[in-house]
Each structure stands twice: as C-alpha cells, then as structure tokens.
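Visitor: I'd like to learn how to read a strand pairing and a ligand shell. Could you walk me through this one?

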Amino acid sequence: MAVLTRKVKGAEDILPRDSYKWQFVEDIMRKEAECHGYKEIRTPVFEHTVLFNRSVGETTDVVQKEMYTFDTKGGESITLRPEGTAGAARAYLEHALYNDGLPVKVYYMLTCYRYEKAQAGRQREFHQFGMEAYGSADARADAEMICAASSIFERLGLKEKIKLEINSIGCPTCRKKYSDALKTYFGEHKESLCDTCLSRLDRNPMRILDCKSEICKGIAQNAPTVLDYICEDCAAHFEQVKGYLDCAGIEYTVNPTIVRGLDYYTRTVFEFVTDCIGAQGTVCGGGRYDGLIEELGGQPTPSLGFAMGLERLLMVLRANGTELPGEPVCDIYIAALGDAANKKAFTLIQELRSASFRADGDLVGRGLRAQMKYANKIGAKYSVVIGDDDLSANKAMLKNMESGEQTEMPLDGGFLEKFISLYVENEQKRMIAES
Ligand code: HAM
C-alpha cells in the first residue's frame with residue numbers, strides 16, 4: 001500500500017465507528033478519579049530527555065531502548081513521553097502545586113510513545129489513563145489508589161477478568177541488601193546473560209528481573225525475591241496496605257516477583273493482570289515512588305500512582321464480549337428538495353441542534369429518495385420530508401423510523417415544541433418496555 005495512505009507501524013487509528021467506546025471508558029475513568037478528589041492535569045507530549053533519564057532510570061528498557069528522542073533545530077534533546085508520571089511530577093514542581101495543600105491529586109489521559117516491538121497489546125503510540133498523588137506516606141493512600149483502579153474495572157464489569165497482584169520492593173536501605181544478593185546470584189550466571197543485563201549487573205541488577213530475553217527470564221526465575229530482604233518499616237507499611245485492602249474487600253495476590261520496569265518505585269508496587277488478551281496481560285501498573293520528587297529537585301515528598309493502558313483495557317472488554325452502550329445515532333433527519341424547502345429544513349435543523357438534538361439534513365444535493373436512504377443508513381430515529389406542497393400547507397409528516405408511525409408537524413412555529421414532547425413520550429415508552 002502506498003506510503004501516503006499507510007499509517008506508521010505501531011500506531012493505530014481510532015475510527016468514528018469505535019471512538020464512542022473510548023469515550024465511554026474514558027468517561028468512567030474521569031468520573032472515578034473525580035470521585036476520589038483528583039483533578040485533571042495535561043502536560044506536553046514532549047519533555048527534556050534528561051527528565052526521563054533521571055526519573056524512569058538510565059538502566060531501564062524504556063530509557064535504554066524505547067524512547068523517541070531527537071534533537072531540536074535549537075540543539076536541545078527532546079523525548080516524546082514514554083509515560084505520564086515524570087511529566088506530572090515535573091509540572092508539580094515547576095508550578096509549586098504543593099502550595100495547594102497536600103496531598104495533591106492529579107489524573108491524566110495521555111498518548112505515550114515507546115519504540116517497542118509492535119504486537120497485540122503493545123504499540124509504539126498508546127494511551128494511558130493515570131492517577132498520581134503527592135504528599136502522603138500513609139498506607140491508606142496506597143490502598144485508596146488501588147481501590148480507584150479496581151473500581152474502574154468493576155464498573156466496566158471486568159472484576160472477574162482482571163486480577164490484582166501486589167508486592168513491596170522496599171526502600172533504598174533494604175534495596176541495597178537485595179541488590180547485593182542479586183549481584184551474587186546473577187554473577188554466577190554471567191556468561192548466559194544478554195549484553196544489556198551484563199551492563200546492568202553492577203549498576204542496577206534489579207532491572208535484570210524484567211528483561212524481555214527468554215534466557216534472562218529463565219535465569220531470573222530462581223533469583224532471590226525482594227520480600228525476603230525488606231526492612232521492618234517497609235514490611236510494616238506493606239502489612240498496613242494489605243490491611244486496608246482487606247477492609248475495602250479488594251482481593252489480591254502477593255506476587256514477590258513484581259519489580260516493575262521503571263526505576264522510581266519504592267515500597268508498594270502493584271499490577272492488574274489478565275490472561276484473556278495474550279502475552280501483554282498487564283492492564284495497569286503502579287506503586288509508590290517516595291524518592292522521585294526529591295530526585296527532581298523538590299522537597300522529600302512521598303508519592304504514588306498508577307497508569308492503565310486504554311488499548312489493553314479495550315481488548316479485555318472485547319475478549320469479555322462486553323456490550324458497550326451503542327453508538328450515538330441521529331435523532332432526526334430532515335430531507336428537503338428545492339431552495340425554499342432547503343432553507344426551511346436548514347432553519348429547523350439549527351433549532352433542533354440548539355435544543356441539543358442530533359439533527360441532520362442533506363449537504364451533498366441528493367434527491368429525496370436518496371436522502372431517505374441516507375437517513376436509514378445513519379440510523380435516524382425520526383425523519384421529515386419537506387417538499388413544495390408541505391411548504392405551502394405549512395405542515396409536514398414526521399415519521400418514526402422504527403415503528404413507521406406518522407405525525408403531522410407544523411412548519412411555521414411550534415415544530416420544536418411538538419417534537420420535544422413526542423420524543424420524550426416515546427423515550428419513556430421505550431424505557432418502560434426495556435425495564
Ligand atoms: P507501565 O507499567 O510502564 O507504567 O505502563 C502502564 C500501563 O500502560 C501498562 O500496564 C499497559 O497497560 C500500558 N502500556 C505500557 N506500554 C504499552 C505499550 N507499548 N502499548 C500499549 N500499552 C502499553 C507506567 O507507565 C507508570 N508511569 C505507571 C505509574 C504511574 N506508576 C506510578 N504512577
């Protein structure tokens with residue numbers, strides 16, 4: 001296919017026939033975030049490269065292999081965001097959001113970019129919904145964050161399909177002991193590790209645990225697990241988080257192998273996973289990042305968050321056979337022929353739209369029959385045909401496209417009022433019949 005009509009690999013179009021599904025899911029996410037006191041933040045699609053190097057981490061796959069980085073004409077190194085946490089944290093500091101009173105709670109809906117091997121559920125351009133909270137070290141904040149993500153899945157009817165796994169990866173103090181244990185373990189398998197992991201062995205051996213190479217994955221299976229190394233404070237915090245999750249009736253499994261693929265995490269980490277969409281089964285990931293704000297130059301600020309991938313979530317909905325509320329359809333189509341009739345139809349359509357009806361009429365010069373065919377095709381609920389005779393009689397017939405029922409409508413005043421009352425009456429009848 002010619003390059004001009006072919007999208008770039010790893011990016012997807014969201015077509016008009018599907019976009020209502022995205023809007024439905026996004027609406028649930030926004031409402032959930034707002035119920036929890038979160039407000040939307042919108043940050044730029046690109047940031048200074050150093051922001052991601054510093055926060056996501058120099059030895060992560062994301063920074064080492066997956067970033068879309070380029071130099072601007074002015075010579076600055078810029079990167080398309082691979083995730084939302086770093087940009088939100090930068091904005092929190094740059095705009096001193098901490099002055100608004102802690103905790104500061106933000107959510108976002110973003111496109112992200114990672115140069116990954118494209119496959120089902122793994123794209124180079126993808127969409128994340130995320131929530132971040134700054135300024136609470138309390139285990140209730142961890143549980144609240146997990147509850148918010150969980151509630152989104154529940155509202156979408158996916159409670160049985162998406163399971164929560166949690167872990168604690170401790171703080172810099174306990175991480176040191178764990179790193180030493182990993183160095184010893186992986187040191188014994190040096191000759192089999194991939195080149196990237198060899199370079200990680202000294203700098204950040206925990207990253208070897210989420211290497212995508214099959215050989216490294218095999219070796220990592222028997223590596224020491226972090227829960228055996230966390231300090232008393234971190235262990236107590238983890239117990240509290242579990243206690244609050246129990247209070248909220250949230251089911252979880254402790255999975256000591258979760259370490260997450262980004263460097264900023266401390267203490268609680270969690271993932272929501274499914275087995276119904278193939279290899280890319282992590283729908284949502286998050287955790288605490290108590291050191292990040294300080295790392296970026298701010299005051300020590302315990303923080304946490306999560307992000308979920310919209311593409312993966314929609315795949316789960318599809319695999320689950322979930323029926324999302326139908327595509328919006330046209331409420332009323334007004335067909336007309338001739339100059340005077342077109343003007344009348346145009347005026348009525350504008351009036352109907354001002355009253356928030358989805359109203360439509362001809363824009364391409366079709367004949368009356370073809371206009372009605374089009375009205376059928378777009379699923380119009382009602383239609384009106386205005387011809388010369390109707391104009392001189394100042395009335396036209398409104399047709400209920402489903403039942404075929406016809407109602408006489410005035411054309412020179414009172415059309416909108418009569419349509420509203422008919423519409424409401426029929427909607428009520430429909431709702432009663434459906435219930
Ligand atoms: P992450 O695990 O890298 O975490 O990504 C979160 C979610 O984004 C994944 O669970 C997945 O659903 C989706 N995702 C990631 N990469 C791709 C891809 N290539 N194609 C499609 N979907 C993808 C983060 O990004 C952290 N910033 C989450 C976070 C927020 N932690 C604390 N606050």
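Guide: Let's start with one residue pair, bearing in mind that this is a predicted model. Glu47 has Thr79, in S4, as its bridge partner.

Visitor: How many bridges join S2 to strand S4, and which way do the two run?

Guide: The general idea comes before the case. Strands of a sheet pair through backbone hydrogen bonds, and the pairing can be parallel or antiparallel. Here S2 and S4 (residues 77-80) are joined by 3 bridges and run antiparallel.

Visitor: What is the order of the strands in the open sheet?

Guide: Read it as S2-S4-S3, 3 strands with antiparallel pairing. On average, neighbouring strands here are turned by 35 degrees against each other, ignoring direction.

Visitor: On to the ligand. Which residues come nearest?

Guide: There are 26 residues around the ligand, and Glu83, Thr85, Glu116, Gln123 and Tyr265 come nearest. By class, the shell splits into 10 nonpolar, 9 polar and 7 charged.

Visitor: And where do backbone atoms of the protein lie by an oxygen atom of the ligand?

Guide: Check Val283, with a backbone N or O atom 2.9 Å from a ligand oxygen atom. At Gly309, a polar backbone atom is 3.1 Å from an oxygen atom of the ligand.

Visitor: How much of the ligand does the protein bury?

Guide: Alone, the ligand exposes 660 Å², and the protein buries 96% of that. Strand S6 (125-134), strand S10 (282-288) and strand S11 (303-309) each give two or more residues to the shell. S10 gives the most, with 5 residues.

Note on methods:
Residues numbered from 1 in each chain as written. Predicted model: local features only at pLDDT ≥ 70, side-chain atom pairs only at ≥ 80, totals over all residues. Heavy atoms only, no water. Near = heavy atom within 4 Å. Polar contact = N/O pair within 3.5 Å; in protein donor to acceptor, adjacent residues only side chain to side chain. Areas by Shrake-Rupley, 256 points an atom, 1.4 Å probe, with all protein chains shown as cover. Helix = DSSP H or I, 4+ residues; strand = E, 2+ residues; numbered from the N terminus. Nonpolar A, V, L, I, M, F, W, Y, C, P; charged D, E, K, R; others polar. Pairing = 2+ DSSP bridges. Axes fitted to C-alpha atoms, helices over the stretch in contact; angles between N-to-C directions.
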